Amino acid sequence: MIIIKSRDEIKKMVKASEIVAEAILAIKGVIAPNVTTRELDQIAEAVIKSRGGEPAFKGYRGYPASICTSVNSEVVHGIPSSGVRLQEGDIVSIDLGVIYKGFIGDAAVTVPVGQIPAETERLLKITEQALYMGIEKATPDNRVSDISNAIQRFVESNGYSVVKAFVGHGVGRSLHEEPQIPNFGPPGKGPVLREGMTLAIEPMVNEGSYKVNILKDGWTAKTADGKLSAHFEHTVLVAKNHPKILTKWA
Ligand code: MF3
Ligand code: CO
């Protein structure tokens, strides 16, 4: 069942999502060569708590940190570590969730470390644009796979592949609610979208093959071919005229 949120619940999701956006901005501000992903995790946790939130990922199915930090060929769910020092030319995906008064906001962004090659810049731009192509389809009376299809077509027509092993999701009191939102598939399938649904839409886009492997830590997903991967995510409210992006950071 897809949960329709009340006005009051949406207010809490708006607040949770504002904290997400603020923490992401804080992290973007410190990403630079020589910073460790552990430091990013600590900054996120400090911002989240200072605003009265709690990190939504910590302890989720045993996840050990407040954010996910996935570097270069890592796709999602990289674990922050004092042993991972960012280097000029890297890209790092930051995935961050906040609980506020029982409700969750969830977002992700891939950030360049210093100067990156133009072709890597393009991967980030296309992935972010793919997210917005998906969001545009999150309107009442559309179906879930209209989002999926818009993302896949845009990504593939630009020469990249969409990751199939992970999907977007409903979000609210739980981090993962119905429906699942794949980043691929034919249009017009799946549940009909209704006003008051809250969705985390999150394309993961690979430079090479869509295939991923999970590392021995049980969490980190990495491209099978070692090529780069990018990830952008927003928590979105399905609303009457236009989808409302709750986690907007800029
Ligand atoms: N944005 C990711 C997701 O929705 C983050 C989950 S990480 C976890 O699946 F650690 F909490 F599992
Ligand atoms: Co998510």
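In this predicted model, six donor atoms surround the cobalt ion (ligand 2). The angles they subtend run from 65 to 167°, which makes the arrangement irregular. An octahedral assignment would require opposite donors to be over 155 degrees apart and all others to fall between 65 and 115.

Four residues supply the protein donors of the cobalt ion (ligand 2). Asp-106 contributes through OD and His-169 through NE2. Glu-202 and Glu-233 each contribute through OE. These donors lie 2.1 to 2.3 Å from the ion. Along the chain, the donors follow the spacing D-x62-H-x32-E-x30-E. Asp-106 sits in strand β5 (residues 103-112). Glu-233 belongs to the loop between β13 (229-231) and β14 (234-237). The pair therefore ties together parts that are 127 residues apart in sequence. Both Asp-106 and Glu-233 are buried.

A three-stranded sheet was also examined. The sheet is open, with strand order β3-β12-β11. Its pairing is antiparallel. Strands β3 (74-76) and β11 (212-214) stand at the edges. Each has a single partner strand, so one side of each is left without a neighbour in the sheet. From one strand to the next, the twist averages 40°.

Strand β12 spans residues 221-223. Two bridges join β12 to β3, and the two strands run in the antiparallel sense. Within this pairing, Glu-74 stands opposite Lys-222 of β12. In general, strands of a sheet pair through backbone hydrogen bonds, either parallel or antiparallel.

Key
Residues are numbered from 1 along each chain as its sequence is written. Chains are lettered from A and ligands numbered from 1 in the order in which they are written. This is a predicted model: local features need pLDDT of at least 70, side-chain atom pairs count only at pLDDT 80 or more; totals for chains, interfaces and linings use all residues. Side-chain values use heavy atoms; hydrogens and water are left out. Two strands pair if DSSP finds at least two bridges between them. Helices (H or I, at least four residues) and strands (E, at least two) are DSSP runs, numbered from the N terminus. Axes are lines fitted to C-alpha atoms, for helices over the stretch in contact, and angles run from 0 to 180 degrees between N-to-C directions. Donors are N, O and S atoms within 2.8 Å of the metal (3.2 Å for Na, K and Ca); water is not among the atoms, so sites may look incomplete. Four donors count as tetrahedral if all angles lie between 85 and 135 degrees; four count as square planar and six as octahedral if opposite donors are over 155 degrees apart and all others between 65 and 115; anything else is irregular. Buried means under 20% relative accessible area, exposed over 50%, partly exposed in between (1.4 Å probe, protein chains only).
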